[in-house]
Amino acid sequence: MKVTLKTLLEKAEKENSAVGCFTVPNMEILMATISAAEEKQTPIVIQIAEGRLAHSPLHYLGPMMVHAAEEAKVPICVHLDHGLTEDTIRQALDLGFSSVMYDGSRNAIAENIAKTQRITELARQYGASVEAEIGSIGGKEATDNVETVQYTSLEDVKRFSNECDVDALAVAIGNAHGHYKGTPKLNMPLLQQLARASAFPLVLHGGSGISAEQFRACIDHGIRKINIATGVLDAYVEGLREALKNNPSCTFYQVNEYGRKHAQEEVKRHITVFNNKEVLA
């Protein structure tokens, strides 16, 4: 069943958990992600970023995501990640996405607020949720450029909370998109300050590579949505490699099945951590 991000965030707040948000750039990973959520009986978010649409065109992938959410046995939010343009955000809303992110983090705070609020007014016409971002998360996801981490300003969060009306706010506390070089170093004292100052549930991007213990600490300090892309994509590719190594003559469908199963296990592993109530292996 398709639901809004706001609905899932409210549930996560009550349970002191985080909603897992997983990138689904093709049909096989989409199927794996939905199956994992149904197996764990846990609501999740499925997403695609505007910066990835050259590889996964929205007019192909979007209707498939929406249909999968509507047919799922658990609540699923369909989310546009790192929306950069109003045209793309409007296209996602027209396709039936129940949540959109406007990434105005490269703008000065006043411009970020003004543009985010305009997108929020648009999304509300569709009954959709809105995520915003302050600070630079780093790595490469929104665009093809590798960006440097810029910590979210406490004062900017306070101002944003007073002047904007969104449903979730992505913050930068040392997290980054893609593969981390070394062990991620998250600024937990800053996260605690941001959570107290924010009028909105907080979002952690760049989750792949962060330890279960760090995830749990983030959740306990106010993170209510965690984005995962690289980890699941890597698992899918590893499944393809394993299939070809074990049986070089395997068929297209056999290769894809290996990839799908590997991706499904990786999604399940993250859901277990994000639920914040199961014993870790």
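Predicted model: local features only at pLDDT ≥ 70, side-chain atom pairs only at ≥ 80, totals over all residues.
**Conventions.** I number residues from 1 along each chain as its sequence is written, and I work with heavy atoms for side-chain values, leaving out hydrogens and water. Helices (H or I, at least four residues) and strands (E, at least two) are DSSP runs, which I number from the N terminus.

**Entry 1, the barrel.** I looked up the strand order first, and found that eight strands close into a barrel as S1-S2-S3-S4-S5-S6-S7-S8, with parallel pairing; two strands pair if DSSP finds at least two bridges between them. Neighbouring strands of this sheet are turned by 30° against each other on average, direction ignored, where axes are lines fitted to C-alpha atoms (for helices over the stretch in contact) and angles run from 0 to 180 degrees between N-to-C directions. I then checked S7 and S8 (residues 223–228), which pair in the parallel sense over three bridges, with Val203 opposite Lys225 in S8. On the sheet I find helix H2 packed against S1, S2 and S3, its direction making about 160° with that of S2. Helix H10 (residues 252–274) also packs on the sheet, where it touches S1, S2 and S8 and makes about 155° with the direction of S1; contact here means heavy atoms within 4.5 Å.

How many of the residues of strand S2 are buried? Six of the six in residues 44–49 are, so the strand is largely enclosed by the rest of the structure; buried means under 20% relative accessible area, exposed over 50%, and partly exposed in between, with a 1.4 Å probe and protein chains only. In a regular strand the side chains alternate between the two faces of the sheet. I see both faces of S2 covered, with Ile44, Ile46 and Ile48 buried on one side and Val45, Gln47 and Ala49 buried on the other.

I followed the neighbours of S2 next. Strand S1 (residues 19–23) runs parallel to S2 and is joined to it by three bridges, and Phe22 has Ile46 as its bridge partner in S2. With helix H2 (residues 27–40), S1 and S2 make a right-handed β-α-β unit; right-handed means that, with the strands pointing away from the viewer, the path from the first strand over the helix to the second runs clockwise. S2 also pairs with strand S3 (residues 76–83) in the parallel sense, over six bridges, and Ile44 stands opposite Ile76 in S3. The chain crosses from S2 to S3 through helix H3 (residues 58–71), in a β-α-β crossover that is right-handed.

I find helix H6 (residues 154–163) and helix H7 (residues 188–197) packed at an angle of about 20°, their axes 9 Å apart. The two are therefore roughly parallel to each other, a label given to angles under 35 degrees, with over 145 as roughly antiparallel, 65 to 115 as roughly perpendicular and the rest as oblique. Leu154, Val157, Lys158 and Ser161 in H6 meet Gln193, Leu194 and Ala197 in H7.

Thr4, in the segment before helix H1, is buried with a relative accessible area of 19%. Not counting residues up to four places away in sequence, Thr4 touches Cys77, Ser98, Gly127 and Ser129. Ala199, in the loop between H7 and strand S7, is exposed at 55%.
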